[in-house]
Amino acid sequence: MSTLLPAPEPGLLLRLAGPLQSWGLHSHFNERDTAAFPTRSGVIGLLASALGRRRGQPINDLTALHMTVRTDRPGVMLRDLHTVGGGLPAKATVTTAEGKKRTGDTGTLLTHRYYLADAAFTLALTIPRPATEDHALLDRCADALRSPHWPLHLGRRSCPPEGPVLLGKSDDALHHLIHLPLAARPATGPEPGGRPVEFLADRPLNHLPALPSTTSDTGEDGSHPSGELNDQPLSYHPRQRAYRARPLYRRTLLLPSSQFAGLGKAQLTALGHYLDTRLNTTEGSRR
């Protein structure tokens, strides 16, 4: 008996990996946090930067894209302590909210900035309707990611990606999101049934083209939100930044141990082989 899978969706496949990433959610003043995974505001901002859009320009076409994240390596949370304004003459210290200059013991500020160290994620940016204009948007974004107008960064300018961000474009991006080699160490022993991998998205995850054999022991299909994030960007204008809340969906799939390609050269070699034989071909772009 065959399993009915959801209709394929065209989209882009991205790889977000680097020594440091930082995807702010509630950052205010001297406390700069990070989410445990790439946010919609951060990824859409990355696309806007690649396209050369300035902060006040519209982003409605980009916010229409759906985003599904696969967590290859969650990384480790890192806190970095910064001091600002210390040892400077009064006229050069940090300005207060009243427009005055800080003096004496208040001249030095402490800031805490949080990062994900050694994390790796694979993303699918998809369009649910195969309309001509949507395909044109994917093509423009792909071209921009290959040759970005401004340098790309993983949430913060101090966090460059470790290599090319774009893996490719596919008519069935979610299929490849599930099957692409993972940037994670292979298992040291047999793992019957596969290893758990978390997927996160901005819409229900029961649309993932996952086979029954990959369903986790809990049987959860990600059809109900697990929470809410305030990371849907409305405007990046410096004086009028605006975001709205959106639901967060989570789902765990059990992927085969053979898909865990290791780190460094081993993973890049496996990834390159997959792209050459299954994604960047006429047949592979469909499946």
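Arg246 is buried, with a relative accessible area of 6%; buried means under 20% relative accessible area, exposed over 50% and partly exposed in between, with a 1.4 Å probe and protein chains only. The model is predicted: local features need pLDDT of at least 70, side-chain atom pairs count only at pLDDT 80 or more, and totals for chains, interfaces and linings use all residues. Residues are numbered from 1 along each chain as its sequence is written, and side-chain values use heavy atoms, with hydrogens and water left out.

Arg246 lies in strand E11, residues 242–255. Strands (E, at least two residues) and helices (H or I, at least four) are DSSP runs numbered from the N terminus. The side chains of Arg246 and Asp231 are joined by a polar contact of 2.7 Å. A polar contact is a pair of N or O atoms within 3.5 Å; within protein, one must be able to donate a hydrogen and the other to accept it, and residues adjacent in sequence count only if both atoms are side-chain atoms. Apart from neighbours within four places in sequence, Arg246 is in contact (heavy atoms within 4.5 Å) with Arg40, Ala201, Asp202, Gly227, Glu228, Leu229, Asp231 and Gln232.

## The chain as a whole

The protein has five helices and 11 strands. Of its 287 residues, 45% count as buried. Among contacts with a separation of 6 or more, 79% come from residues 24 or more positions apart.

The protein exposes about 15,100 Å², and carbon and sulfur atoms supply 54% of that area. Accessible areas come from the Shrake-Rupley method with a 1.4 Å probe, and for residues only the protein chains shown count as cover.

## Two nonpolar cores

A nonpolar core is a set of buried Ala, Val, Leu, Ile, Met, Phe, Trp, Tyr and Cys residues joined through side-chain atoms within 4.5 Å. The largest has 39 residues, of which Leu12, Leu14, Leu16, Leu123 and Leu145 touch the most other members. The elements that give two or more residues to this core are E1, helix H1 (40–51), strand E4 (66–73), strand E6 (109–117), strand E7 (120–126) and helix H3 (132–146). A second, separate core of 24 residues includes Leu13, Leu167, Ala173 and Tyr274.

Leu123 touches Leu12, Leu13, Leu14, Leu16, Pro38, Val43, Met67, Thr68, Val69 and Leu177, if residues up to four places away in sequence are not counted.

Thr122 is placed in strand E7 and is buried, with a relative accessible area of 4%. Its side chain makes a polar contact of 3.2 Å with the side chain of Asp72. Leaving aside neighbours within four places in sequence, the contacts of Thr122 are Leu14, Thr68, Val69, Arg70, Asp72, Leu167, Leu177 and Leu180. Thr122 and Arg15 are 107 residues apart in sequence, while their C-alpha atoms are 4.7 Å apart in space.

Asp118 is found in the loop between E6 and E7. Asp118 has a phi near 60°, a positive value in a residue other than glycine. Asp118 is partly exposed, with a relative accessible area of 46%.

## Helix H1

H1 is mostly covered, with 10 of its 12 residues buried. They are Arg40, Ser41, Gly42, Val43, Ile44, Leu46, Leu47, Ala48, Ser49 and Ala50. From its first C-alpha to its last, H1 reaches 16 Å, close to the 16 Å expected at 1.5 Å a residue; the expected span is 1.5 Å times one less than the number of residues. Just after H1, Gly52 takes a positive phi of about 80°.

## Helix H5

Helix H5 covers residues 264–279; its 16 residues should span 22 Å at 1.5 Å a residue, and its end C-alpha atoms are 21 Å apart, which agrees. The buried residues of H5 are Gln267, Leu271, Tyr274, Leu275 and Leu279. They cover an arc of only 100° around the axis, so they lie on the same side of H5; the arc is that of the directions from the helix axis to the C-beta atoms. An α-helix has 3.6 residues a turn, so residues three or four places apart point the same way.

The buried residues of H5 pack against strand E1 (11–17), strand E8 (166–170) and helix H4 (173–179). On the other side of H5, Lys265, His273 and Asp276 are exposed.
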